[in-house]
Amino acid sequence: MTSIGTGYDLSVSTYSPDGRVFQVEYAQKAVDNSGTAIGLRVKDGVVLAVEKIKHSRLLVPNSNKRIMTAGKHIGVASAGWMSDTRHLVKRVRDEAHNYHSIYKADIPAKIIAERMGMYVQAYTLYSAVRPFGVSTLLACKDKDGPQLYMLEPSGEYVGYRGCAAGKGKQVAKTEIEKLNLEELT
Amino acid sequence: MASLKPGEANLGTTIMAVKFDGGVVIGADSRTSTGTYVANRVTDKLTKVHDRIYCCRSGSAADTQAIADIVKYYLDLYTAQHDEPPTVSVAASLFQEICYQNKGHLMAGIIVGGWDEQNGPSVYNVPLGGSLHSEEYAIGGSGSTYIYGYCDKTFRPGMSKDECIEFVKNAVSLAMTRDGSSGGVIRTAVITEDGVERTVTYGDQLPQQYLG
């Protein structure tokens with residue numbers, strides 16, 4: 001069922017003859033097989049939710065938060081490798097801090113989304129690294145109101161009113177589409 | 001703190017910016033001196049860094065021109081990246097960052113005045129050390145020392161555009177009379193949402209003063 005690259009999938013710096021970069025697609029598969037993450041942009045904010053799979057009863061509560069913050073106005077949730085998420089969130093924090101130290105203002109949503117998109121895309125250019133195996137949901141509140149962006153392993157990012165990533169994304173998307181997000185709080 | 005090099009062009013100067021409801025009036029004299037010689041008697045010290053953001057320059061002519069060029073570049077880049085014009089606050093923060101981080105090598109006293117959609121009119125003073133002050137009105141340059149009393153007494157918040165223009169012209173004119181490093185003509189600019197109106201006031205049109 002899964003298509004195989006046969007030779008064109010060994011590194012991310014190789015195209016296949018039909019114009020695909022298999023390593024990026026495999027990274028997307030890693031996301032599709034992990035716990036679901038959902039984001040909803042409503043009238044007065046953004047709600048992020050993640051499915052937390054408790055694989056052991058010995059886990060310490062609150063020691064492995066899957067929703068992280070980067071600055072007072074940015075929240076991040078993700079589906080995929082948690083360790084990759086932590087790396088990206090560190091970058092979001094650095095970018096937000098860096099922006100603030102130059103402009104003395106909070107980084108706007110579309111700017112942080114663009115910077116993170118460029119960062120993730122950079123890891124799809126070189127054979128020495130692998131693409132990030134996460135779909136990141138960036139929730140940001142700036143002067144234009146609350147905004148939600150989803151950032152994929154390819155580096156592509158799109159603004160959403162509602163989005164989902166991970167194992168249950170199809171089911172989640174169907175349910176989200178039924179909601180009237182503009183009216184909800 | 002840096003000092004002027006021997007023979008370096010000095011914007012001795014009187015500069016001023018005043019906020020009113022709907023915009024900002026900025027004004028300056030037009031003298032650039034190198035020692036006692038007036039190198040330029042018709043200088044334009046009101047420099048555009050963006051469509052609705054101007055800065056008034058005092059101190060070293062070279063330093064302030066270089067800083068204004070850099071800030072203008074960054075504001076153009078900001079507009080391209082953000083797809084909207086920068087706020088006056090962002091422009092002032094950029095001036096401050098440059099002036100503070102390079103305070104040992106620069107002699108620049110800058111007043112930033114402008115209008116933006118988010119906050120309306122704003123005036124920021126970035127004096128020699130690189131601090132940032134948001135004010136209702138600001139004065140700067142060597143000539144400003146002679147008009148602190150006049151300005152404190154005359155300014156009231158809520159003045160109209162024409163009252164502000166008169167205030168600026170009177171104040172700069174008084175400073176030009178007493179400060180050897182200020183003189184020439186008075187250049188003013190009125191910045192509002194609708195645009196920028198620039199004016200020059202020549203010697204014969206200067207406000208009346210007792211000159212002996």
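**Architecture of chain B and its interface with chain A**

The C-alpha trace of chain B spans about 55 × 40 × 25 Å along its principal axes. Of the 212 residues of this chain, 51% count as buried (under 20% relative accessible area, with exposed meaning over 50% and partly exposed in between; 1.4 Å probe, protein chains only). Among contacts in chain B (heavy atoms within 4.5 Å) between residues at least 6 apart in sequence, 63% join residues at least 24 apart.

Residues are numbered from 1 along each chain as its sequence is written, and chains are lettered from A and ligands numbered from 1 in the order in which they are written. Because the model is predicted, local features need pLDDT of at least 70 and side-chain atom pairs count only at pLDDT 80 or more, whereas totals for chains, interfaces and linings use all residues; side-chain values use heavy atoms, with hydrogens and water left out.

Two positions illustrate the surroundings of individual residues in chain B. Gly143(B) lies in the loop between β11 (137-140) and α3 (148-154) of chain B and is buried, with a relative accessible area of 0%. Leaving aside residues up to four places away in sequence, Gly143(B) touches Thr13(B), Thr14(B), Ala175(B), Asp179(B) and Ser182(B). The C-alpha atom of Gly143(B) is separated by 20 Å from that of Ala2(B), 141 residues away along the chain. Asn125(B), in turn, is found in strand β9 (residues 120-126) of chain B and counts as buried at 12% relative accessibility. With residues up to four places away in sequence again excluded, the residues that Asn125(B) touches include Ile110(B), Ile111(B), Leu132(B) and Ile139(B). Glu135(B) is also among the residues touched, and the side chains of Asn125(B) and Glu135(B) make a polar contact at 3.4 Å. A polar contact is a pair of N or O atoms within 3.5 Å; within protein, one must be able to donate a hydrogen and the other to accept it, and residues adjacent in sequence count only if both atoms are side-chain atoms.

At the interface, ten residues of chain A are in contact with eleven residues of chain B. The area buried between the two chains is about 980 Å², of which carbon and sulfur atoms give 51%; buried area is the accessible area (1.4 Å probe) that two parts lose on being put together, summed over both. In chain A, Tyr103(A), Lys104(A) and Lys143(A) lose the most area to chain B, together 54% of what that side buries. Five residue pairs are in polar contact across the interface, both residues being at pLDDT 80 or more. On the side of chain A that touches chain B, the elements giving two or more residues are α2 (82-103) and α3 (109-122) of chain A, and α2(A) gives the most, with four residues. The residues of this side divide into five nonpolar, one polar and four charged; Ala, Val, Leu, Ile, Met, Phe, Trp, Tyr, Cys and Pro count as nonpolar, Asp, Glu, Lys and Arg as charged, and the others, Gly among them, as polar.

Side chains of opposite charge can pair when their charged atoms come close. A salt bridge is defined as a side-chain nitrogen of Lys or Arg within 4 Å of a carboxyl oxygen of Asp or Glu, and the count over all chains comes to 18. Two salt bridges are counted between chain A and chain B. In one bridge, the closest N and O atoms of Glu97(B) and Lys104(A) are 2.8 Å apart. This pair crosses from helix α2 (residues 88-101) of chain B to the loop between α2 and α3 of chain A. Glu97(B) is partly exposed at 24% relative accessibility, as is Lys104(A) at 31%.

Within chain A, Asp94(A) forms a salt bridge with Lys90(A) at 3.2 Å; these residues are separated by about one helical turn because they are four residues apart in helix α2 of chain A. Glu95(A) forms a salt bridge with Arg91(A) at 3.1 Å, and this pair is likewise four residues apart in helix α2 of chain A. Asp94(A) is partly exposed, with a relative accessible area of 41%, whereas Glu95(A) is buried at 10% and Arg91(A) is partly exposed at 33%. Asp18(A), Arg20(A) and Glu25(A) are linked in a network of salt bridges.
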